[in-house]
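Colleague: Before I set anything up, could you take me through the part of this model that we discussed?

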Amino acid sequence: TGIWDTDLFFDETGQDKRRVGTDLGAFVRGFQFSGQQFKMPPTAAAQLDPIHSVTLVTARQALADAGIDGPTDGIRASVILGNLQGGATRRGERWLQLSQPLMLETISTLPGFKALPAMAQRGMTEEFQAAWGDKFLPMTGESLCGVLGNIAAARVAHHFNLHGPTNVIDAACASGLAALESSVAQLLSGRVDLALTGGVDM
């Protein structure tokens with residue numbers, strides 16, 4: 001729920017086209033994730049989009065229901081997920097992060113800003129850069145992996161040592177169903193003995 005601030009994004013009048021006209025949604029509350037439980041260094045865990053952490057925790061629960069606790073010795077199992085947007089939360093943050101030069105350029109064209117003394121302009125620019133940068137995690141080698149939908153499936157296969165097809169299917173609103181269909185086909189063909197499948201989007 002931390003990514004949804006109604007004071008920023010909700011317009012109860014429905015007249016502001018830059019904001020949404022409803023504050024209704026399906027919100028996940030109280031979710032806890034420990035990268036250490038999945039042998040993940042803190043630097044990598046910090047860069048995860050919520051779809052990655054939710055997928056890992058849900059996969060562990062699903063496998064436990066099937067009598068598989070923790071990593072396997074290497075079983076023939078596929079991980080096919082339906083996902084439309086990849087890691088939309090972190091990806092949106094990265095886009096905003098990389099948009100800082102464009103924002104600064106836009107600010108510099110405003111009449112009120114141009115009317116300020118040069119020293120005041122520099123001071124405001126530096127304050128904006130610092131304040132904007134503090135809103136986001138620093139970019140690292142883990143940043144891209146933390147937002148890709150296919151890496152969410154790969155993380156599950158890697159951690160639980162599942163040997164089989166591992167991928168994400170994008171079929172818009174039917175992504176989860178398409179992933180299920182693919183998984184059933186693999187089971188019927190005998191290509192795998194177990195299929196872990198479902199839809200994930202946040």
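Modeller: Two strands pair if DSSP finds at least two bridges between them, and strands are DSSP runs of E with at least two residues, numbered from the N terminus. This is a predicted model, in which local features need pLDDT of at least 70 and side-chain atom pairs count only at pLDDT 80 or more, while totals for chains, interfaces and linings use all residues. Residues are numbered from 1 along each chain as its sequence is written, and side-chain values use heavy atoms, with hydrogens and water left out.

Colleague: Which residue in strand 2 is the bridge partner of Ile75?

Modeller: Strand 2 covers residues 162–163 and pairs with strand 1 in the parallel sense over two bridges. Within strand 2, the partner of Ile75 is Leu162.

Colleague: In strand 3, which residue is the bridge partner of Ile80?

Modeller: Strand 3, residues 166–169, is joined to strand 1 by four bridges in the parallel sense. There, Ile80 has as its bridge partner Asn167.

Colleague: Which residue of strand 4 does Gly82 stand opposite?

Modeller: Strand 4 spans residues 194–199, and its pairing with strand 1 is parallel, over six bridges. The residue opposite Gly82 is Gly199.

Colleague: Is Ser78 buried or exposed?

Modeller: Ser78 lies in strand 1, residues 75–82, and six of the eight residues of that strand are buried, so strand 1 is largely enclosed by the rest of the structure. Buried means under 20% relative accessible area, exposed over 50%, and partly exposed in between, with a 1.4 Å probe and protein chains only. Because its relative accessibility is 0%, Ser78 counts as buried.
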